Each structure stands twice: as structure tokens, then as C-alpha cells.
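I opened this entry to record what I looked up in the model. My notes follow the order in which I checked things.

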Amino acid sequence: MTKKSRRTHSPAFKAKVALAAVKGDKTLAELAQLFDVHPNQITIWKNQLLEGAAGVFGHDKTSAAILRGSSWGTRGDGLFQQPSSGVMGPGFRQGDRDHHPLTITLS
């Protein structure tokens, strides 16, 4: 039995596939057949493209989250947190404000 070697794809090919996925004209199954790549791999490349797209214009993580399509207004993004209220939940110490996962810093 021969060992099947892994295929390596060029960054240009990955970008081409990811852009086609972002465009949304074809389904993942159609793209996978067209480019001879597994649909999961296309999804990974698409997510990498969207996460890195904001880096073209700067290093703003919020922009990357918007490009990925994450919804604003969920509990995990800090928008429902009461600023300066001092009430952060059970077991939360005031000195830990900067390390709390729901705390966001606006600069």
C-alpha cells in the first residue's frame, strides 16, 4: 500500500477558492467539486479570509468580527454589560474588571 501524500495549495489558489465561497453564487458542494477540495477546507479558507480581511486596512478585531457575520447584541460581546455599575456578577472582584471576558475597552 502506498502512502498518499498531502496536497499543498498555493496561497493564490486558496484565495481564489475563498473568494468564490464569499461571493456565494455556488454552494459549498459545487465549489468543492469545481476546485477538487473538501467543503470543510473551503469553509476554513473562507473564515481565514474574512478574519484576515480587516488586517488589510488595519488591526481592528471588531472589523474582523463584523466581516465574519457575528451578530451584535449577543451576551458575549459586552453590549449588555452595565458600564460603571460595579455589579459584574457573583464572585467578581472590582479589581478584575480588566480581565473579565465580557469587558470591552473602547479607545
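**Contacts and overall make-up**

I started with contacts (heavy atoms within 4.5 Å). Among those in the protein chain between residues at least 6 apart in sequence, 32% join residues at least 24 apart. This is a predicted model, where local features need pLDDT of at least 70, side-chain atom pairs count only at pLDDT 80 or more, and totals for chains, interfaces and linings use all residues. Residues are numbered from 1 along each chain as its sequence is written, and side-chain values use heavy atoms, with hydrogens and water left out.

I then listed the elements, taken as DSSP runs numbered from the N terminus (helices: H or I, at least four residues; strands: E, at least two). The protein chain has 4 helices and 0 strands. The order from the N terminus is α-α-α-α. I also checked burial (buried is under 20% relative accessible area, exposed over 50%, partly exposed in between; 1.4 Å probe, protein chains only). Of the 107 residues in the protein chain, 16% count as buried.

**Helix α3**

I took α3 next, residues 39–53. Its 15 residues reach 21 Å from first C-alpha to last, close to the 21 Å expected at 1.5 Å a residue. That expected span is 1.5 Å times one less than the number of residues. Which residues of α3 are buried? I found I42, W45 and L50. They lie on the same side of α3, because they cover an arc of only 135° around the axis. The arc is that of the directions from the helix axis to the C-beta atoms.

I44 is also in α3. I44 is partly exposed, at a relative accessible area of 41%.

**Packing against α3**

I fitted axes as lines to C-alpha atoms, for helices over the stretch in contact, with angles from 0 to 180 degrees between N-to-C directions. The axes of α1 (residues 11–23) and α3 come within 8 Å and cross at roughly 90°. That makes α1 roughly perpendicular to α3 (65 to 115 degrees; under 35 is roughly parallel, over 145 roughly antiparallel, the rest oblique). F13, K14, V17, A18, L19, A21 and V22 of α1 meet I42, W45, K46, L49 and L50 of α3.

The axes of α2 (residues 28–35) and α3 come within 9 Å and cross at roughly 100°. Here α2 is roughly perpendicular to α3. L28, L31 and A32 of α2 contact P39, I42 and T43 of α3.
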